[in-house]
Amino acid sequence: MPEDAIRLSLFSFSLSGEAKMWLHSFKGNSLKTWDEVVEKFIMKYFPESKTAEGYSFHQFPDESLSEALERFCGLLRKTLTHGFSEPIQLNIFMDGLRL
């Protein structure tokens with residue numbers, strides 16, 4: 001049995017409440033691959049705007065703009081799985097600058 005089929009058949013057992021109802025709201029076999037399920041689940045329960053709220057960056061008092069940018073880029077490289085699009089990254093950086 002393919003790994004995708006196993007994941008698809010067992011995933012509903014890992015859910016409860018609203019998340020389980022969400023999964024069952026898809027008609028028939030409209031979700032055919034594991035990647036589709038993961039993408040839709042993340043978009044529903046972990047939208048980029050929501051996860052970006054919990055991610056903060058702040059420019060240090062004596063830090064120049066270029067130093068802050070370099071440090072921010074270093075943080076992004078350390079967390080390659082952050083999943084933030086470039087516009088969200090820019091928003092996080094800009095929100096953390098001293099005015």
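Let me start with T33, which sits in the loop between α2, residues 17-24, and α3, residues 34-45, and let me say at once that what we are looking at is a predicted model. T33 has a relative accessibility of 30%, and it therefore counts as partly exposed, since that class covers what falls between the buried limit of under 20% and the exposed limit of over 50%. If we set aside the neighbours within four places in sequence, T33 is in contact with D4 and L8. L8 is 25 residues away from T33 along the chain, and yet the C-alpha atoms of these two residues are separated by 7.5 Å.

Those two partners lead us to a helix pair, because D4 and L8 are among the residues of α1 that meet α3, and contact here means heavy atoms within 4.5 Å. On the α1 side we have D4, R7, L8 and F11, and on the α3 side the residues they meet are W34, V37 and F41. What kinds of residue make up this contact of α1 with α3? They divide into 5 nonpolar and 2 charged residues, with no polar ones. As for the geometry, the axes of α1, residues 3-11, and α3 come within 9 Å and cross at roughly 40°. The two helices are therefore oblique to each other, because an angle under 35 degrees would be needed to call them roughly parallel.

Let me step back to the whole protein for a moment. There are 6 helices and 0 strands in the secondary structure, so that, read along the sequence, the pattern is simply α-α-α-α-α-α. Of the 99 residues in the protein, 26% are buried. The accessible surface comes to about 7,600 Å², and carbon and sulfur atoms account for 60% of that surface. If we take the contacts between residues at least 6 apart in sequence, 50% of them join residues that are at least 24 apart.

Now please move along to the loop between α4, residues 48-53, and α5, residues 65-78, where we find E63. Is E63 buried or exposed? With a relative accessible area of 8%, E63 is buried, because the limit for that class is under 20%. The side chain of E63 makes a polar contact with the side chain of R71, at 2.8 Å, and the E63 side chain also reaches the backbone nitrogen of F60, at 2.9 Å. Leaving out the neighbours within four places in sequence, the residues in contact with E63 are H58, A68, R71 and R98.

F60 belongs to the loop between α4 and α5 as well, but here the relative accessibility is 46%, and F60 therefore counts as partly exposed. R98 lies 38 residues from F60 along the chain, while the C-alpha atoms of the two are separated by 8.0 Å.

In helix α5 I would like to point out S66, whose relative accessible area is 53%, and which is therefore exposed, given that the limit for this class is over 50%. The side chain of S66 makes a polar contact with the side chain of S64, at 3.2 Å.

I will finish with Q89, which is found in helix α6, residues 86-95. Q89 counts as buried because its relative accessibility is 18%, with the limit at under 20%. Which residues does Q89 touch, not counting those up to four places away in sequence? They are F72, L76, H82 and F84.

Conventions:
Residues are numbered from 1 along each chain as its sequence is written. This is a predicted model: local features need pLDDT of at least 70, side-chain atom pairs count only at pLDDT 80 or more; totals for chains, interfaces and linings use all residues. Side-chain values use heavy atoms; hydrogens and water are left out. Helices (H or I, at least four residues) and strands (E, at least two) are DSSP runs, numbered from the N terminus. Buried means under 20% relative accessible area, exposed over 50%, partly exposed in between (1.4 Å probe, protein chains only). Accessible areas come from the Shrake-Rupley method with a 1.4 Å probe; for residues, only the protein chains shown count as cover. Axes are lines fitted to C-alpha atoms, for helices over the stretch in contact, and angles run from 0 to 180 degrees between N-to-C directions. Angles under 35 degrees count as roughly parallel, over 145 as roughly antiparallel, 65 to 115 as roughly perpendicular and the rest as oblique. Ala, Val, Leu, Ile, Met, Phe, Trp, Tyr, Cys and Pro count as nonpolar, Asp, Glu, Lys and Arg as charged, and the others, Gly among them, as polar. A polar contact is a pair of N or O atoms within 3.5 Å; within protein, one must be able to donate a hydrogen and the other to accept it, and residues adjacent in sequence count only if both atoms are side-chain atoms.
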